[in-house]
Amino acid sequence: MQHYFIDKPHNASDFFEFRDSVLNLELCFRSCDSIFSKDKIDDGTRALLNAINKHLTLSGHGLDLGSGLGVIGITLIKIFNVTMDMVDINKTAVELTKQNLIKNNVQHSAKAFYSDGFASVNEIYDFIVTNPPIKSGKAILFKLMSDSYSHLKKDGQLILVIRKNHGMESLKKHLISIYNNCEIIGRDKGYYILRSVRTD
């Protein structure tokens, strides 16, 4: 079974555009059939963005880890006037993110590039935000969370969304083992938004 994080060949007919709104922003996305949440902003990402907007103030330079079509990074740029790096393991998603940055007029505030997790990431960030690839398995998920620590500045924060029935409790414990802290900043329809802060 192919997942959304696995590249596959595409025909021109596989690509299309859709519009959606979040946090009172009207956004436009170019997409294709193999990308996660290909024709709408998914509920987990929406819950994540709503919680960030309600409870946090972001500033500086951030990373959208597993950017997909670029929904998270584009929205955060528009809401908080931050700059973003946006990475994905799916090369088609990276190319679509580049196009979507232009479509939403934020191309000067972001850089999108291919990376298998943090393999091609060399920056240290003020924050990392992710709707992580649960289908990739627990080992990969936990490694992403562990690797995030060394890519955050002091007081930098990792913010993510996960469903309770997809292993929220075990992921929270894992984050506490790395960061010595993890708080739930929001919950919506089974989605939990977790936040850990690098304190050293």
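Biologist: What should I know about the model before we start?

Modeller: The model is predicted, so local features need pLDDT of at least 70 and side-chain atom pairs count only at pLDDT 80 or more, while totals for chains, interfaces and linings use all residues. Residues are numbered from 1 along each chain as its sequence is written, and side-chain values use heavy atoms, with hydrogens and water left out.

Biologist: In what order do the seven strands of the open sheet run?

Modeller: The order is β5-β4-β3-β6-β7-β9-β8, with mixed pairing. Strands (E, at least two residues) and helices (H or I, at least four) are DSSP runs numbered from the N terminus, and two strands pair if DSSP finds at least two bridges between them.

Biologist: Which strands stand at the edges?

Modeller: They are β5 (110-114) and β8 (183-188); each has a single partner strand, so one side of each is left without a neighbour in the sheet.

Biologist: How many bridges join β8 to β9?

Modeller: Five, and β8 and β9 (residues 191-197) run antiparallel. Asp188 has Tyr191 in β9 as its bridge partner.

Biologist: Where does α2 lie?

Modeller: Helix α2 lies across β3 (61-65), β4 (83-88), β5 and β6 (125-130), and runs at about 175° to β4. Axes are lines fitted to C-alpha atoms, for helices over the stretch in contact, and angles run from 0 to 180 degrees between N-to-C directions.

Biologist: How many of the residues of α2 are buried?

Modeller: Eight of its ten residues are buried, among them Ile74, Thr75 and Phe80. Buried means under 20% relative accessible area, exposed over 50%, and partly exposed in between (1.4 Å probe, protein chains only).

Biologist: What is Thr75 in contact with?

Modeller: Leaving aside neighbours within four places in sequence, Thr75 is in contact (heavy atoms within 4.5 Å) with Val22, Leu23, Leu25, Leu27 and Leu49. Thr75 has 0% relative accessibility.

Biologist: Changing topic, how many salt bridges does the structure hold?

Modeller: It holds nine, a salt bridge being a side-chain nitrogen of Lys or Arg within 4 Å of a carboxyl oxygen of Asp or Glu.

Biologist: Which residue does Glu183 form a salt bridge with?

Modeller: Its partner is Arg195, with the closest N and O atoms 2.5 Å apart. Glu183 lies in strand β8 and Arg195 in strand β9, so the pair ties together parts that are twelve residues apart in sequence.

Biologist: And Lys153, which partner does it have?

Modeller: Lys153 pairs with Asp126, the closest N and O atoms being 3.4 Å apart. Lys153 is partly exposed at 38%, and Asp126 is partly exposed at 24%.
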